[in-house]
Amino acid sequence: MSNVLPMTIESLVAILLLLTILYCVRLNGQLKRLKADEATLKTTIAELMTATETAERAISGLKATVRDAEQNLGESLHLAERFASELHRNAAAGAEVLHRLTQIASVTGLQAVLPAKPAVPDGKAIAAAALAVSERALARSKAVAA
């Protein structure tokens, strides 16, 4: 009986050592997978940082483009407003000239030639008439220069 107890204790120690070795092998496998996942994670983080930097550069480029477009649009809008007010003044001056011509025609008896009420001027007709007048003036100036 005294021989059985040391044998049982040694057997129990051997079994515990075997379990410890198996646990270490399993733990080693988990550590290898963890290190492989760490390398993959580092690669993913590097790619994410690169993508973030690219996106930040693109956003700053877009902001610069928006600022330029806003400035150009503001200048174009200001220019368009100036042209619109100038056209309005020119249309008012043209209406005044037409009114004076109507008054002159009524005084001189040319009422049959002019309409009773001035019609609303057609923009295309006015543009065509202005083009014809400018072409005649250009032709006259060329004739004088020749």
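Modeller: Let us start with a charge and a ring: the charged end of Arg82 sits over the ring of Phe83, 5.7 Å from its centre. Please keep in mind that this is a predicted model.

Biologist: How many aromatic pairs does the structure hold?
Modeller: The count of aromatic pairs is zero.

Biologist: What share of the residues counts as buried?
Modeller: Of the 146 residues, 1% are buried. The protein exposes about 13000 Å², and carbon and sulfur atoms supply 69% of that area.

Biologist: Let us take Thr102, then. Is Thr102 buried or exposed, and why?
Modeller: Thr102 counts as buried because its relative accessible area is 18%, and the limit for that class is under 20%. Thr102 lies in helix H1.

Biologist: What does the side chain of Thr102 reach?
Modeller: The side chain of Thr102 comes to 2.8 Å from the backbone oxygen of Leu98.

Biologist: A change of topic: how many salt bridges are there?
Modeller: The count is two. In one of them, the side chains of Glu38 and Lys42 meet, at 3.6 Å from N to O.

Biologist: Where do Glu38 and Lys42 stand relative to each other in the helix?
Modeller: Glu38 and Lys42 are four residues apart in helix H1, so about one helical turn separates them.

Biologist: And how accessible are Glu38 and Lys42?
Modeller: Glu38 is partly exposed, since its relative accessibility is 41%. Lys42 has 54% and therefore counts as exposed.

Biologist: Which side chains meet in the other salt bridge?
Modeller: Those of Arg100 and Glu96, with 3.4 Å from N to O. Both residues belong to helix H1 and lie four residues apart, about one turn of the helix. Glu96 has a relative accessibility of 37%, so this residue counts as partly exposed.

Biologist: Now the surface. Which residues form a nonpolar patch there?
Modeller: The patch consists of Leu12, Ile15, Leu16, Leu18, Leu19 and Leu22. Together they have about 600 Å² of accessible area.

Note on methods: Residues are numbered from 1 along each chain as its sequence is written. This is a predicted model: local features need pLDDT of at least 70, side-chain atom pairs count only at pLDDT 80 or more; totals for chains, interfaces and linings use all residues. Side-chain values use heavy atoms; hydrogens and water are left out. Buried means under 20% relative accessible area, exposed over 50%, partly exposed in between (1.4 Å probe, protein chains only). Accessible areas come from the Shrake-Rupley method with a 1.4 Å probe; for residues, only the protein chains shown count as cover. Helices (H or I, at least four residues) and strands (E, at least two) are DSSP runs, numbered from the N terminus. A polar contact is a pair of N or O atoms within 3.5 Å; within protein, one must be able to donate a hydrogen and the other to accept it, and residues adjacent in sequence count only if both atoms are side-chain atoms. Rings of Phe, Tyr and Trp (its six-membered ring) pair if their centres lie within 6.5 Å; planes under 30 degrees apart count as stacked, over 60 as edge-to-face and the rest as tilted. A charge sits over a ring if NZ of Lys or CZ of Arg is within 6 Å of the ring centre and within 35 degrees of the ring normal. A salt bridge is a side-chain nitrogen of Lys or Arg within 4 Å of a carboxyl oxygen of Asp or Glu. Patches are made of residues with over 30% relative accessible area and no salt bridge: like charges are joined within 9 Å, nonpolar side chains (Val, Leu, Ile, Met, Phe, Trp, Tyr) within 5 Å.
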